[in-house]
Structures are given as C-alpha cells and as structure tokens.
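Hello,

Here is the model I promised to pass on to you.

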Amino acid sequence: MKWFDYAAPDSLEQAAELLARYPEARPLAGGTDLLPQLRAGKRTTPLVVDVKKIPELSSLTIDEKGALTLGAAVPCYRIYEDERVCARFPALAELASILGGIPIQGRASLGGNLCNASPSADAIPLLMAMHATAETWSTSGARSIPVEDFCIAPGRSALAPGELLVSIRIPALPPRTAAHYLRFIPRNEMDIAVVGVGVSLTLSDSVIQTARIALGAVAPTPILATEAAASLENQAPTAAAFERAARLAQQVTRPISDMRGTAEYRRHLAYVLTRRALEHALQAAAAS
Amino acid sequence: MSTQSYQVIGTRPIRHDGVDKVTGRALYGADIQMAGLLHGAILRSPHAHARIRSINTSKAEALAGVKAVVTAADFPPTGDRIVDLGEGETPLSYIRGNILASGKVLYRGHAVAAVAATSPHIAAEAASLIEVEYEPLPCVLTAPEAMRPGAPLLHEDLKTKEFGQQTDRVSNIAEHFRHSLGDLEKGFAEADIVLEREFHTATVHQGYIEPHNATALWNNDGRLLIWCSTQGAFVVRDTTACILDLPVSQVKVTPMEIGGGFGGKIPVYLEPVAALLSKKTGRPVKIVMSRKEVFEGTGPTPGSFIRIKIGAKRDGRFTAAQADLAYEAGAYPGAMVGAGAMTVFAAYDIPNVTIDGYDVVVNKPSTAAYRAPGATNAAFATETVVDEIAEHLGLDPLDLRLKNAAKEGTRRADGLKYRRIGCVEVLEAMKAHPHYRAPLEGANRGRGVAIGYWFNAGLPSSCTISVNADGSVTLVEGSTDIGGTRTSVAMQAAEVLGIPAGSVHPVVVDTDSVGFTAVTGGSRTTFATGWAAYEAAQDVLRQMKERAAKLWGLEPSAVRFEGGHFRASGHEISFAELAARLAETGGPVVGRATVNPRGVGGSFAGCIVDVEVDPETGKTSILRFTSIQDAGRAIHPSYVEGQMQGGSVQGIGWALNEEYFMGPDGEMRNSSLLDYRMPTALDLPMIDTQIVEVPNPGHPFGVRGVGEANIVPPPAAIANAIYRAVGVRMRRLPMSPPNLMQELWKKS
Amino acid sequence: MQKKMHVTATINGEVQEFLCEPRQSLLECLRDILHLTGTKEGCNDGNCGSCTVLMDGRLVTSCLVLGPEASGAEIVTVEGLARGRELHPLQKAFLEQAALQCGVCTPGFLVAAKALLDREPQPSEQRIRWWLANNLCRCTGYDKIVRAVQQAAAELAATQGGMNRL
C-alpha cells in the first residue's frame with residue numbers, strides 16, 4: 001500500500017477543511033471497503049480522514065416525528081442492538097445484521113456502504129425503498145440528497161470534492177407499513193449480492209396504498225422500479241399483483257454478466273426476489 | 001492382528017502441539033522475525049501468455065528502502081535436465097521457469113521479478129515500478145481448446161509423448177496414454193444398456209488459510225538457511241539446491257508450522273527467490289504471498305473434460321467401461337491425469353476397460369496436487385453415470401455398486417491387482433447406515449450416494465527415538481504436521497513401547513537433523529512415518545532388552561517385553577525404571593529407523609448426502625451429510641474423523657461454488673476469499689462420520705492413509721441428490737446456482 | 001512529511017506504546033511491531049477471519065483497522081485468552097474436541113467464539129454457525145469447532161462466572 005497520512009478530526013468543520021485542502025483525501029469510517037481498495041491499488045490517497053470522532057457522524061437519533069438520523073460512521077452492530085431501531089425500523093436492523101459477518105459489522109457502516117456506491121451495495125435498495133436521504137456537509141454548506149440520486153456510476157457518488165456524508169435520514173414509517181430487503185447470495189453469509197431488492201409497502205384497508213421497489217446489482221447503480229411500484233397502488237395484495245409487479249421490475253434491469261452471475265440469471269433473480277420481498281413486506285405490514 | 005487389543009491406538013489423546021496452537025505461540029512461517037530482516041515482493045505477469053521483450057528494474061532500484069531486485073537472469077546457468085524432486089520426473093527448466101519466468105510468461109500471475117526492501121509496503125511499491133515490455137500472445141484456457149489443431153502453443157518445444165513413446169508432434173498435449181483390459185468392443189456388445197456422458201469440471205484451489213511464505217538467509221559461511229511453510233522440507237531443500245546449483249548439504253530447510261496444504265504446499269515457489277535476494281543483500285529476506293498471489297501464482301488442481309461410457313447387463317453387472325480424461329496441467333506438464341486414470345473405475349470390477357488420458361498444457365497456473373489429485377474429477381463423472389444406470393435398471397444405487405464392487409484380487413485396467421481392500425465393507429456400511437434408510441420428506445429434496453478411492457503413498461521416512469531418564473522418549477521426525485500427525489505417529493511408538501502417548505515427545509525438525517523424509521502428502525504420514533516410528537521403537541526395545549539382560553546377567557534373548565515391562569525368569573522391570581538405569585548399563589539409548597514401505601493400502605470412502613434445491617434460484621443446501629471411510633486401523637479416531645469431515649467439506653465446496661472464474665483474457669475474476677466462496681460454518685450441517693476398519697495387511701498396525709479419499713465422492717453424491725430433488729443431471733462443476741438454473745431452464 | 005505515528009493502546013490488559021506508519025494495519029502492528037504473531041493473516045481483506053481480535057469489546061478483523069485507529073483502544077488477541085497458565089475453557093474444548101488441524105485459523109475462531117459466549121452464554125448450533133461465518137477453516141469442516149464451542153458453553157455454564165471474562 002502506498003504511503004498516506006492519517007488524520008482524525010473531531011468536528012465537521014475540521015473534516016471539511018481537510019477535505020477541501022486535500023481533494024483526493026478519503027474519509028474512513030469502518031474501512032471495510034476502503035482498506036482493501038487501497039491495498040489493491042484501486043484507489044490511492046494522500047490522506048485518510050478518520051471520521052469516527054466527529055459527533056454528528058457517530059450518533060444515532062430518532063426525532064419527535066419518529067425519523068431516524070443515522071450517523072454515516074455508525075457501525076452496523078449499533079443499529080441492530082438499538083431497541084428503538086429494532087422496534088420501529090426492523091428491516092433496517094435486519095439489513096445491518098447481514099452486512100458482512102460479525103467482525104465486519106463491528107466496523108462497517110451504512111454510510112460507508114452508500115459512499116462506496118457499489119451497484120451491489122446491500123444498504124442502498126432498502127434505503128431507497130424507505131425514502132432515505134443522504135445529509136452532507138462541506139465548506140459551502142449542507143445538502144440533502146435522496147438516496148436514489150446518490151450513486152451516479154459504479155464506485156462514484158454525487159458527493160462533490162470536499163463534501164462529506166454526515167448522516168442518513170430515514171423518515172418514520174407510516175402505519176401499516178413495512179420494508180424488506182432480500183438478496184440472493186450463493187453462500188449463506190460473507191457474500192456479495194448477485195441481486196438485491198428493497199421494497200416497502202403501505203396498506204390501507206384491503207389494498208396497497210403505496211409501494212416502492214428498488215433493485216441492486218442489476219444496473220450500474222441501484223435503481224428504482226417506479227412502474228412496478230405504481231402497478232401495486234390501490235391493488236389488493238394478491239399473488240397476481242406481486243407477480244405482475246415483479247415482471248415489471250424485471251423489465252427495468254440492465255444487468256451485466258460477471259463472476260457472480262450471468263445477465264440472464266440476474267434478470268431472473270430480479271423477478272424472483274421482487275416477488276418474494278413483496279410477500280415478506282406484506283406479512284410484516286399486515287402484522288404491524 | 002485385527003483381534004489384537006491396543007493400549008494407545010484407538011484412543012483420543014490431546015495432540016502434542018495443541019497448547020501452542022490454541023495460545024498463539026506456535027510459530028508459522030510468516031511469524032519469523034529476525035534482526036536485519038528484509039521483505040520481498042514478487043512482480044507477476046498481467047498477461048496469460050506473452051513474450052517478455054525486456055525488463056527494466058532501474059526505477060524500482062532507485063526507490064528508497066529497496067535493497068535488491070532479481071529476475072530469472074540471476075539464476076545460475078545450470079542448463080536443463082530431468083530431475084525427480086518428489087513429484088515425478090520433470091525437466092528442471094519447467095520447475096525453474098515457474099519460479100521466475102524467462103522468455104515467456106505462461107499465465108496471469110506468473111512470477112517475473114522480485115524485490116527486497118526494508119518493509120513489505122516498499123517492496124510492493126518497488127515491484128510495481130519494474131517495467132516489463134510484453135508482446136502479448138493468444139491464450140488457451142481449457143483442455144479441449146488447447147488440444148485443437150492449430151491452437152496457440154505454450155511451449156514451442158513440447159513434443160507429445162504417446163503410449164510411452166516420444167513423438168515428433170509439437171502440441172499442447174504433453175502426453176497421451178492408455179490403459180486397457182479385456183476386449184472393450186465385446187464388452188459393450190454384451191451390454192443391455194450403454195450410457196455415454198460428457199463432463200466438465202472447473203479449476204479449483206486447495207484454499208489453505210495460510211498463504212505461502214519463505215524466509216532465506218544465505219549465510220556468510222556459504223550455507224543457505226531457509227524457513228518456510230511446506231509439506232516437505234526435503235523437497236524444498238533438493239529443489240532449491242538444484243535450481244541454485246548447490247550441493248544439498250549446503251541448504252538447510254527448517255519447516256515451520258504449516259497452515260494447511262492439501263497438496264498445494266509441495267511445489268516450491270518462493271524459497272529460491274528469497275535465497276537469490278538474500279545472496280544479493282547479505283541479509284535475511286522474507287516473502288509472504290498475498291491471497292491474490294496464492295490464487296493466481298500457485299498451483300490449483302486441474303480443470304478437466306471427461307467422457308465416460310459404461311455398459312451393463314439388465315441385472316446390473318458392468319460389462320465394459322471406457323473413459324477419456326483430458327486434464328488441464330496449467331502452464332507446465334503434469335496434470336495428475338495419471339491418478340485420474342487409475343482411480344476412474346477403481347471401485348469396480350469390470351472385465352473390459354479402456355482408459356485414455358491426456359495431459360494438456362493451458363495458460364493457467366501450473367497445477368499442483370489437491371487431496372486425492374485427479375480422483376475427484378474422475379469420480380464425479382463415473383459415479384453420476386453409475387447412478388443413472390441404477391435408475392434405468394430400477395436398482396438401488398448401492399446394490400448396483402455392491403454388485404460390481406472391487407475386492408481382493410480385482411485387476412484394474414492400469415494393471416494393479418488389489419490386495420485386501422475395503423470397498424465392499426464401505427458400501428455395506430453405507431447401506432446399513434441409518435441415514436440411508438431415514439425418510440427424506442419435503443419438496444425439492446433428494447438423497448445421493450457415491451464412493452471414491454485413493455491409493456495412499458509409501459515413500460521414505462526417517463525417525464529416531466531417544467529414551468529419557470524419566471521414562472519418556474523424544475521422537476524426532478521429518479514429516480511436517482498439518483493435521484495432528486505428530487500425535488498419530490507418536491501413538492504408534494507409544495503402543496510399541498508400552499507407554500502413554502503423552503510420554504512420547506514428537507518433534508518435527510530441519511533437514512540437518514533427521515534422515516530424508518518425503519512429503520506429508522499422499523495420505524502417507526501416519527502410514528509411513530508411523531511405520532518408521534514403529535521400527536525405531538522396536539530398535540529401542542532391542543537395545544533396552546540388552547540393558548535389562550546386562551542388569552540381570554542374562555542373554556538378551558532371555559528377555560521378553562510385555563505389558564510395558566521387561567521380563568525374564570524371576571526378573572521384572574518397567575520401561576520407566578529401566579530408562580532411569582541406562583547410564584549405568586552403557587549410556588543413552590537411541591532407536592532409529594528409515595523405511596520405504598511398499599505395503600500401501602488404498603482407502604475407499606463413501607458419502608450419503610441430502611440436499612434441498614431452491615428451484616427458483618438454483619441454490620443447493622446441504623441438509624445432512626454422512627462420510628464413511630475405511631481407515632484400515634484408526635490410530636487417533638478424532639483426527640481420522642477430522643480428515644473425513646474436512647475432505648467432505650472441501651468436496652462440498654468443489655461441488656457447489658468453487659471455481660476459477662476466468663475471463664477470456666485468462667484473468668481469474670474471483671481471486672479473493674470473498675468471491676472464491678469456500679464453505680463457511682453457516683453453509684453446512686454437522687458432518688457425520690463412520691470409520692470402517694479393514695486392516696491393511698501391509699502395515700504393522702493395519703493403517704491405511706485417510707487423508708484423501710473422503711474428498712472424492714461428495715461432488716458426485718451431491719449431483720445424484722440434486723437429480724432426485726429436481727430432476728436434472730448435472731454434468732458440470734461447480735453446480736453453482738447459475739449453472740444449476742441453466743439446467744432447470746433447459747428442462748422446463 | 002512521511003512520519004510514523006505514536007500509538008498508545010491497551011493490549012491484553014497491558015498499556016503498550018508503539019510507532020507505526022499510518023498505512024500499517026492493526027494486524028501488522030500486532031505482528032510486526034509488537035511481535036504478537038498469534039493473530040494470523042489469511043487474506044488481508046476481511047474475508048477469512050484469521051486476524052480477528054477484540055477491539056473495545058467488539059470483534060474486528062484487524063487487517064481492516066489502521067494502526068492509528070487503535071489509539072486509546074483496548075485490544076484482546078489470542079495471546080490474552082488464557083489466564084496465566086490456565087487455558088480458557090474454549091482453548092481446552094478446542095483441544096479436547098480436536099477442533100483444529102493445521103491450527104492457523106484457530107486464533108481467530110477462539111477470539112470470535114469468546115466474544116459470542118461473553119454475550120450469549122448458551123447459543124444454539126445455528127447461532128454459533130452464524131456468528132462464526134466470518135471465520136474460514138479449510139481443515140475441519142467446522143463440525144468439531146461447533147462442538148468445541150458447545151462444550152465450552154456448557155462448561156462455562158457449569159462454572160458460573162468462571163473464566164468467561166478477562
């Protein structure tokens with residue numbers, strides 16, 4: 001690994017200043033993506049900025065409206081060990097518990113997963129389905145970016161040079177709402193999603209009021225399946241409705257073939273997983 | 001002998017090296033620290049096939065902290081000759097060429113140059129500054145591709161050896177051989193059913209957790225000292241001496257603890273390079289591979305193309321069998337296809353057989369042994385065809401196997417006539433096992449069985465045993481201990497000496513301190529080094545009888561040894577009591593033995609597996625798994641079970657997910673432990689075991705090596721189980737979710 | 001500009017100071033600077049678990065932690081499991097169950113299993129397998145490792161408040 005310097009600022013101002021001064025600097029949260037990338041020479045940097053000492057990046061709060069503000073460096077274990085998160089955002093807690101193995105969850109954060117901007121990132125489809133926003137900070141001020149607009153290409157985010165992800169904000173779930181993330185991996189753990197699907201459903205009486213469907217690893221960035229979601233609105237949550245939505249979701253995919261699966265296989269999985277994720281979410285929403 | 005009762009053999013003592021290994025104190029190769037230590041790094045080829053036009057090392061040499069750079073040009077000009085360094089006869093140029101490429105690179109990851117620097121980071125950075133000008137050449141990645149006329153040639157001077165004769169034909173086929181028995185045409189004509197199927201298996205890696213490493217110090221007295229992770233310290237000594245043109249006595253190799261090998265740590269990769277760097281710098285140099293280097297730069301086991309044809313009578317009796325085996329050797333000849341050919345029908349007594357083997361070079365890493373090398377590929381093919389025949393004939397798959405099972409006196413097509421073997425006993429144990437009869441309910445679930453064979457090797461082993469005054473003994477051996485063999489060897493000495501296993505202190509030593517000992521491989525250590533320990537212990541007893549006789553004023557022939565005591569009429573003294581009186585009876589007692597045993601007894605292993613397939617994703621889950629193996633005599637049953645469980649799980653990984661996923665450019669796209677996907681604890685159930693004991697008449701305690709046969713049957717058994725679960729016959733490894741989904745789509 | 005950093009950390013109960021390059025991982029610091037070579041490197045990218053240590057009570061793969069990040073932290077490695085000459089029940093169970101063959105993954109498994117039993121004294125087989133899924137073993141097929149963790153859990157339960165905490 002090439003030499004880099006290390007700094008651990010304890011305020012947003014200091015961090016933003018460092019990032020402004022060294023445009024090639026890389027923020028370090030859990031390091032579970034960054035360090036392997038630096039080691040493999042996929043990225044180089046003169047300066048690693050450890051952001052874990054910045055209070056805003058390490059806090060997990062739920063405001064009076066029930067919205068969750070998740071510091072960008074909060075490691076996974078703090079998410080699934082937080083009783084409030086488990087009660088109000090169970091899908092998020094479950095997601096945090098499948099991101100890597102236990103030692104990875106001791107370090108890795110959803111913010112890091114988002115900033116890494118991998119097409120197969122597990123967190124992003126679920127965050128998209130949950131209407132999450134990325135809250136950023138730079139010397140020129142704060143911004144709020146919908147998660148669906150955050151990734152612009154494989155490994156590239158909408159963050160401007162010198163801009164730092166501070167937190168992820170997830171609005172409270174309306175009543176009778178549930179989200180679910182489902183991925184396919186060949187092993188049962190320690191694997192990258194071949195396809196991942198995040199969904200959320202809000203029920204009203206006997207129909208689906210709103211739905212949201214996002215897919216990972218089927219395009220250069222995680223994508224929303226808007227038409228598929230729209231097809232469910234005001235529909236009874238039947239197997240046929242889910243089948244139709246899953247087929248529509250499949251149509252927006254633009255997968256590649258690689259060592260994790262062929263394009264054909266990924267398209268097929270997009271359908272299977274969307275259907276299954278909707279079924280999971282329906283059960284959870286009905287029970288909530 | 002089989003009725004004899006043992007005091008030590010068959011018990012489960014704590015392994016002698018255990019405490020050091022659970023406290024972190026055991027020293028593995030990469031743990032070496034030394035004053036003045038430099039760190040090495042290797043530059044590897046980014047091309048699968050290319051001519052090296054030039055190498056410019058000046059920028060690397062100019063980097064602060066860099067102490068030396070070496071290339072193949074730094075090897076002494078030894079010329080070429082045929083050598084046998086433990087892996088069969090090989091041109092020296094192949095071994096040397098694989099360590100540092102000269103002229104051409106033959107696979108992506110082929111070592112081209114190396115650097116020594118004051119830190120591993122600087123060494124790696126310097127390696128990246130070496131400028132190599134390549135002329136890329138077209139590459140061939142599979143055996144069928146490489147065998148095609150007009151295929152790009154890896155070695156312009158490689159002439160095909162055919163049926164034992166050197167031909168003038170230049171091709172990528174290093175060798176084509178044939179084994180024949182009986183009259184194949186007549187055999188197929190007699191059959192009521194003939195099935196012919198084709199199979200493809202991917203290249204897979206042994207996947208040991210510890211990467212290769214070596215530290216070398218070319219001392220000021222001219223001696224070369226090496227510390228490394230190897231399955232055979234003497235192989236490292238002899239290979240390094242050969243390549244560096246040194247007498248073997250000038251090289252001393254200290255085998256450190258080894259973090260797994262499975263055959264992959266027999267070849268030499270780093271030691272001569274570390275030695276050259278040490279020679280240039282006058283300092284010790286340590287090189288540790290990264291995981292990516294392990295995947296790209298060391299020997300996986302061959303991918304293969306296999307065609308199997310079997311004919312059977314209506315009652316299930318096999319009348320004829322034919323196999324074509326084309327194995328990918330990687331960059332240099334030696335694809336283990338010989339072993340594939342000897343094992344492909346090893347479980348069966350078939351009167352008419354022809355087996356053709358092809359050793360084919362391709363632009364992939366030079367292959368190495370992997371646990372029963374060559375046998376798993378072959379058994380995947382044979383055992384799935386056998387399953388299909390059983391289905392066609394409406395026979396129980398184990399009954400069909402029993403009907404045709406090899407036994408004492410069966411002659412294989414390669415000429416070997418079996419001595420006492422346990423094939424029938426293993427099949428009967430499978431049939432009688434509760435797992436085989438247990439109901440398996442639920443959709444998309446199926447059960448499969450298969451059997452596999454591995455020879456086990458003899459080869460030389462040396463051992464000395466010194467008697468200590470406290471009644472214990474120190475056992476010095478040359479076999480690297482990868483999985484508890486210090487204990488399985490010590491237990492055999494303890495049994496002879498009538499002392500507890502804990503009273504034997506086994507030590508694995510360097511090449512200066514023990515007689516020549518071949519590799520820990522071929523399931524030979526408990527068998528052969530155990531035999532050496534047995535003989536050395538007998539030597540101790542002979543000498544101790546003389547001492548007892550001296551004490552008692554008798555002829556040594558009057559002294560008996562029984563139940564841990566030396567006895568003669570009216571006299572008795574325990575082993576420990578006599579050990580305390582050696583000084584007064586003539587001085588220390590040291591027993592010694594060297595063996596080169598011929599009585600190897602092959603081992604059969606079978607498995608029963610239940611799977612569940614998700615028909616929408618193609619993912620297979622292992623619900624239940626039972627491994628049954630003939631151990632001859634289980635010295636330490638826990639470690640026999642451990643071999644069976646470990647081999648089974650490697651077989652499961654090979655079956656379901658593991659593969660070198662190669663791009664058309666010869667790049668391995670999944671060269672990390674994330675994407676190579678070896679099984680984790682969460683992917684498996686408990687692995688049940690049943691040890692069958694059909695003692696090997698060729699060993700004093702009846703030992704058969706148990707290290708390998710267990711990996712052979714799982715891929716076939718899983719394929720057979722998948723068929724029963726979802727109705728598709730898998731003829732390609734791995735049976736990964738996308739590959740299985742392909743077949744499910746074809747079916748629907 | 002290229003200056004080493006001064007790090008103070010508590011390692012296996014003892015305060016240690018060392019100098020490291022920012023690019024050196026905690027794993028490198030433990031092994032190459034502090035000579036605590038019980039913690040092993042198998043992949044250097046967090047996918048094998050051989051370098052697993054406890055950092056402030058949490059499991060981490062030490063190859064994915066930079067040395068300077070350990071500043072002020074409490075680290076426990078395999079060398080810190082035994083109490084003097086008394087082995088941790090997990091260490092004893094691994095020996096008795098023959099849960100190691102080559103032994104190179106063993107330190108990581110022991111530290112990971114200790115973290116599990118410290119939190120969940122009576123884990124199910126499935127929970128053990130889930131918890132240890134980040135630790136690869138290529139020799140044993142995991143069967144005897146799972147049994148050893150079960151044995152240690154039973155032993156710790158029998159000797160309440162015994163060895164399970166440092």
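To begin with chain C: buried residues account for 65% of its 166 residues. Please keep in mind that this is a predicted model. Chain C holds five helices and five strands, and along the sequence they come in the pattern β-β-α-β-β-β-α-α-α-α. The radius of gyration of chain C is 16 Å, which agrees with the value near 15 Å for a compact globule, because that is what 166 residues would give. Along the principal axes, the C-alpha atoms of chain C fill a box of roughly 55 × 30 × 25 Å. Of the contacts in chain C between residues at least 6 apart in sequence, 60% link residues at least 24 apart.

Next, the interface with chain B. Here 43 residues of chain B are in contact with 45 residues of chain C. On the chain B side, helix 1 (18–23) and helix 18 (637–656) are the elements that give two or more residues. Helix 18 of chain B gives the most, with seven residues. By class, this side of chain B has 19 nonpolar, 18 polar and six charged residues.

Chain B itself is assigned domain 1 (18–26 + 458–595), domain 2 (36–137 + 221–281) and domain 3 (304–456 + 600–747). The centres of domain 2 and domain 3 of chain B are 36 Å apart, taken over C-alpha atoms. Their contact takes 16 residues from domain 2 of chain B and 16 residues from domain 3 of chain B. The side of domain 2 of chain B that touches domain 3 of chain B is made up of seven nonpolar, eight polar and one charged residues.

Note on methods: Residues numbered from 1 in each chain as written. Chains lettered and ligands numbered in written order. Predicted model: local features only at pLDDT ≥ 70, side-chain atom pairs only at ≥ 80, totals over all residues. Domains from an automatic or database assignment. Contact = placed C-beta atoms within 7 Å. Nonpolar A, V, L, I, M, F, W, Y, C, P; charged D, E, K, R; others polar. Helix = DSSP H or I, 4+ residues; strand = E, 2+ residues; numbered from the N terminus. Rg over C-alpha atoms; globule rule 2.2 N^0.38 Å. Buried ≥ 20, exposed ≤ 12 C-beta atoms within 10 Å, placed from the backbone.
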